Amino acid sequence: MDELSALPQTLARLQQQTHQDFQVWICVNQPEAWWHEATHFAVCERNRALLQYLHNYQGLRLTILDRSSQGQGWQGKRQGVGWARKTLFDTILQEAAADDLIVSLDADTCVRPPYLASLLHSFSLHPEWPALAVPYYHPLSGNNLMDRAMLRYEIYMRNYAINMLLTDTLYQYTALGSAIVMRAGALQKIGGITPYQSGEDFYLLQKFCKMSSIGHTNDEMVYPATRLSDRVPFGTGPAIQKGMTEENNSYTVFHHSLWDAVRETAGMLQLLYEKPLQTPFLDFLDAHSSNPDPWVPIRRNAKDLPHFIHAYHEKADGLRILQFIRGQHAASPLPDEQALWENMQQWMPERVPDWFSKETRFSDLSVTQMNRLRNLLLVCERNLYKQKTHH
């Protein structure tokens, strides 16, 4: 949507791929009603120009799904990025073989020439992966305010990922729609993507995790654009927009201790299999269940401990953990910078820069210093993923 300036560069990157046996599907989309709204008419015109550009494009095998021309746009609630991805994936599944890879990108995502070859290599090494959450890195834009907001958001995401990696859970992923690769057969098996207006990537990866362990490591990254966007309720674009006006409340840097109750519960599953237990996290899960004691039927139906543990993780999924952590934080909030400093002291005490302390405020730091913190978290996260993959 409205990608006439960004998409040509992404297509040029795809033309440069060292692996050339691939096809590109593009969904140009918008609500039908925009054709009749003065505030959106310019977007409609740019979408029309983009379709013209794509129809004349040479050099890649393109399949263009037109959901923006008059009479072709989204109707009612069936709109947004979730519907665009669903429309693409459903169309691809009509043609794809089970072991084909579906590589999800956004129109403004840069990849290097070995990207597709690296994905084939990773999936050949790991035939058990149904999907891969590809490593990502937002490049600096050169716009000071925008870069600060992006770095603040990426620090939040990497901090959350590290905490999850240090917890016994299946849901150790960061969801970016531009950084997901999946086997077509696996996508078919989970019933495709649920077309949420935002967060569809989070729920898609959660479905894959409930099916089998997904991958997190790859030799190449994706480089999503650092830019503003108000097209979706949450995600990178809105985070940067909010961050530029210092409205960062929805991207909390959570303290590592908030996961203690989740870790404690995961360590007691054999006991829970044998008898009723109470922990703060179990109380939370019980409160979100229609059954006042959901573990009674789960114990009865699980034929052994491994099946019970799997059923526990089905209940204690990525969404429930996030909701629990948010609730724990609300009960005893810490400033983001203090939480980050204490987390880094826990994870990498010898690497914490001397200019960063628990009294430091992000507003006191330069873009260079915030980028340093982002990169330290990146290294910590990648090392944990590598350890997990090798095990």
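At what angle do helix 5 and helix 15 pack, and how far apart are their axes?

Analyst: This is a predicted model, in which local features need a pLDDT of at least 70 and side-chain atom pairs count only at pLDDT 80 or more, while totals for chains, interfaces and linings use all residues. Residues are numbered from 1 along each chain as its sequence is written, and side-chain values use heavy atoms, with hydrogens and water left out.

Two packed helices are described by the angle between their axes and the distance between the axes. Helices are DSSP runs of H or I with at least four residues, strands are runs of E with at least two, and both are numbered from the N terminus. Axes are lines fitted to C-alpha atoms, for helices over the stretch in contact, and the angle between N-to-C directions runs from 0 to 180 degrees.

Helix 5 (residues 144-165) packs against helix 15 at about 45°, and their axes are 12 Å apart. Helix 5 is therefore oblique to helix 15 (under 35 degrees counts as roughly parallel, over 145 as roughly antiparallel, 65 to 115 as roughly perpendicular, and the rest as oblique). The crossing of helix 5 with helix 15 is left-handed, meaning that the near helix is turned anticlockwise from the far one by less than a right angle; clockwise would be right-handed. On the helix 5 side, the contact (heavy atoms within 4.5 Å) is made by Arg152, Ile155, Asn159, Ile162 and Asn163, and on the helix 15 side by Asp336, Leu340, Asn343 and Trp347. By class, the contact of helix 5 with helix 15 holds four nonpolar, three polar and two charged residues. Here Ala, Val, Leu, Ile, Met, Phe, Trp, Tyr, Cys and Pro count as nonpolar, Asp, Glu, Lys and Arg as charged, and the others, Gly among them, as polar.

Helix 15 (residues 336-347) also packs with helix 16 (residues 367-390), at an angle of about 40° and with the axes 12 Å apart. Helix 15 is therefore oblique to helix 16. This crossing, of helix 15 and helix 16, is left-handed. Leu340, Met344 and Trp347 of helix 15 meet Leu373, Leu376, Leu377 and Cys380 of helix 16. That contact of helix 15 with helix 16 has seven nonpolar residues, with no polar and no charged ones.

Rolling a probe the size of a water molecule over the atoms shows where empty space is left. On a 1 Å grid over the protein atoms alone, a cavity is a set of points where a 1.4 Å probe fits but cannot get out; a pocket is an open set with protein on both sides within 12 Å along at least five of seven lines; lining residues have an atom within 4 Å of a point. Grid points are joined across faces, edges and corners, and a volume is the space filled by probe spheres set on the points.

The whole structure has one cavity of 30 Å³ or more, and the largest cavity has a volume of about 60 Å³. Its lining includes Ala133, Tyr173, His216, Glu381, Arg382 and Tyr385. Helix 16 supplies the largest share of that lining, three residues. By class, the cavity lining has six nonpolar, two polar and two charged residues.

The second largest pocket has a volume of about 300 Å³. Of its 16 lining residues, Thr217, Asn218, Asp219, Arg382 and Lys386 are the closest to its centre. Helix 4 (115-125) and helix 16 each supply at least two residues of this pocket's lining, and helix 16 gives the most, six. The pocket lining divides into five nonpolar, eight polar and three charged residues.
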